[in-house]
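Thank you for making time for this today. I would like to walk you through one structure, beginning with the whole chain and then stopping at a few places inside it.

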Amino acid sequence: MPRWPYGPLGSGLFRDDRKYLNKMLEYIGLDAKEQKERVDNLIKNTPQPSEVVDMRLDEEGVEHANARDRLISDKAKLQVQIDDANVLLTEKAKDIETLFDLGIFMEDKEIKKLNVETDDTLSIARAIQKATETGKRNIYFSSRKYTVSSKITITVDDLHFIGTGGNFTKLENSNDTTMFDIQSFGVHFRDIAITVTDINRTNYPIVLTGASRPVFESVYFSGVDGSYRSGLHFNGGSMGTVEKCYFNHSCIRVDTWDVKINKCYIWAMSCEYGIGVYNAAGNLKVTDTDIVPPLKTFSKGKSGIWVDGESGACYNIHLEVYLDGNPTLSTREGIIINKNAGNVTILVKANRMDSDVVIIDSAIGVDVYSGKFHNNNDKGIGAREIVVKQTGNQVPHVRIHDCDFIMTRDIVGTKAPCIEIDASVTDQQYIEIVDNRIKQPPSLNGYTDPEILCNSAIVNLKGNKGTSSLYFAKGSVSVASGASSITVAFPKSMAYEPLLSDYTFQWEGTAVPFRIQKNGRSNVFVSFTNVLTTAAILHYKVELSR
């Protein structure tokens, strides 16, 4: 029933006026709806020419010449929308096709473990075989454990093993067997855990015997306490990359060239080393990597990084690492550069180490730079930051510069030198210790026998800043009764010859007053204030002050 005509609206703005206005608007809407329904019903039952005229106006307010033009226009607009949707669907389909076309899924019916199979070794082998037959290169693993009980040899190029990340996809071995022997090009492991559960292993779970350009990215290598050889062995090929990987009771051995290790954490407490370099390996680059060295209680342990050139000279090695000793357990040395190694650069940040941090043994061209040695030696009596020695035929040439030793702790009972040039050197060596911040003085004496001066060492000491002097030599001399002066020759000639004003001579452990008549380079002439009434053996010290 129509509600029109509507009553007049007054000029008031009170509550009753607003209620009246709202009610009137409601009536207008209801009447408009009833009229529309009436007209629609009339047109539906009896078609009218006005219906065709109404079709000329489209939803965007454009009036077309006739109804046909309106339909053609709407069809064209719809086709554009369909074409855009097809492009988007095609792109999505390509992504899905790529995933399924290039991928082999370990849970596929023809791949997954059969009921009669005791582990997943044959299942993984089937996936690799399918990759060979189809050209697909991505093998996708689910979030579960896959047990591998025998060696799988990989000869397919560009094969990618892809897990779900973290420790969710786990490839496990428990019988001291190599899981994968990689002999092909471009094999890639990503987001997978490689796990061993047995101890005293003699075989690494992954060995690269002829692989070129292998990549290990975000792989979790996990052993158990005492696994010994859990981790990764580059035994052939070249140009391998290990990046953002975690090694728990696991390690890396390198016997080849052009390996890069970046942004890894290596917890090697029950391993032989964190990184071991052997057999003429070279062009090794380790950057931004944390290493916890093996425990001293682990008898097979060597050091955090062990470079061994005895079986073949190792050259061109760059180490940029952070060494962290265990705060409650005693760990082995940080880095040991052994015989027949050369062109080695070391940037080390060491913290809480209770053993020698860096040992350089008979290596040529070792550059230790910009290191931070903080809070070390808080447990190890006599532990040093850097030791240079010679036990082989190769004469060490070492440069230590721009390092910070100032936070090294004093040891109660024994104060270890920051840097020690060992007395075992028997041939001429060249050592530069320049522009460092030093707390404990470098020692150029033999560590076990402080009265033996380093033989024929050419030592350059310039620009070092610290709180202590640099000790050069100690010795003793017999003085006869009635002597008023004596010439004291140093035990060995001082290879570094400072200016006369740079060093002093003094007696140790005696109250005999004296004065230096002549301060020479290899001896001093000392006169006594009073004639000695009895013979004596006097001990002296030569000290270089900076």
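**The chain as a whole**

Of the 546 residues in the chain, buried residues make up 47%. Please keep in mind throughout that this is a predicted model. The secondary structure comes to 4 helices and 40 strands, and the accessible surface of the chain is about 26800 Å², with 52% of that belonging to carbon and sulfur atoms. If we take the contacts between residues at least 6 apart in sequence, 69% of them join residues at least 24 apart.

**The cores**

Let me turn to the inside. In soluble globular proteins, nonpolar side chains tend to be buried together. Here the largest nonpolar core has 92 residues, and the members that touch the most other members are F161, F180 and F216. To take one of these, F180 touches I124, I152, I154, F161, L171, F189, P205, I206 and V207, once residues up to four places away in sequence are left out of the count. Apart from this core lies another one, of 10 residues, which includes V477, V479, I486 and V526.

**Aromatic rings**

Next, the rings. A pair of aromatic rings is described by the distance of the centres and the angle of the planes. The structure holds 14 aromatic pairs. How are the rings of F141 and F161 placed relative to each other? Their centres are 6.0 Å apart and their planes stand at 25°, so this pair is stacked. F141 belongs to the loop between strand 2 (138-140) and strand 3 (145-147), while F161 belongs to strand 5 (residues 160-162), so the pair ties together parts that are 20 residues apart in sequence. F141 counts as buried because its relative accessibility is 4%, and F161, at 0%, counts as buried too.

Y273 and Y278 give us a tilted pair, with 6.0 Å from centre to centre and 50° between the planes, and both of these tyrosines are buried. Ring pairs also link F141, Y146, F161, F180, F189, F216, F221, F234 and F247 into a cluster. One member of that cluster, Y146, has the charged end of R144 sitting over its ring, 3.8 Å from the ring centre.

**Around S270 and G226**

Y228 brings us to S270, which touches V224, D225, G226, S227, Y228, H249 and F298, again not counting residues up to four places away in sequence. S270 is found in the loop between strand 18 (265-267) and strand 19 (273-277). Is S270 buried or exposed? Its relative accessibility is 1%, under the 20% cut-off, so S270 counts as buried.

A polar atom of the S270 side chain lies 3.1 Å from the backbone nitrogen of G226. G226 itself is in the loop between strand 12 (220-222) and strand 13 (231-234), and at 12% relative accessibility it counts as buried. Although G226 and C271 are 45 residues apart along the chain, their C-alpha atoms are separated by 7.2 Å. Beyond its sequence neighbours within four places, G226 touches I199, N200 and S270.

Most residues other than glycine have a negative phi, and most peptide bonds are trans. N200, however, has a positive phi of about 55° although it is not a glycine. The place of N200 is in the loop between strand 9 (193-196) and strand 10 (206-208), where N200 counts as partly exposed at 44% relative accessibility.

D402 also has a positive phi, of about 60°, and is not a glycine either. D402 is found in the loop between strand 29 (397-401) and strand 30 (419-421), and at 41% relative accessibility D402 counts as partly exposed.

**A last stop at S149**

Finally, S149 sits in the loop between strand 3 and strand 4 (152-154), and with a relative accessible area of 30% S149 is partly exposed. Which residues does S149 contact, leaving aside its neighbours within four places in sequence? They are D119, T121, N173, N175 and T177. As for L122, it is 27 residues from S149 in sequence, and their C-alpha atoms are 9.6 Å apart in space.

Notes: Residues numbered from 1 in each chain as written. Predicted model: local features only at pLDDT ≥ 70, side-chain atom pairs only at ≥ 80, totals over all residues. Heavy atoms only, no water. Core = buried A, V, L, I, M, F, W, Y, C linked by side-chain atoms within 4.5 Å. Buried < 20%, exposed > 50% of the residue type's maximum accessible area, 1.4 Å probe, protein only. Contact = heavy atoms within 4.5 Å. Helix = DSSP H or I, 4+ residues; strand = E, 2+ residues; numbered from the N terminus. Polar contact = N/O pair within 3.5 Å; in protein donor to acceptor, adjacent residues only side chain to side chain. Phe/Tyr/Trp six-rings, centres within 6.5 Å; stacked < 30°, edge-to-face > 60°. Lys NZ or Arg CZ within 6 Å of the ring centre and 35° of its normal. Areas by Shrake-Rupley, 256 points an atom, 1.4 Å probe, with all protein chains shown as cover.
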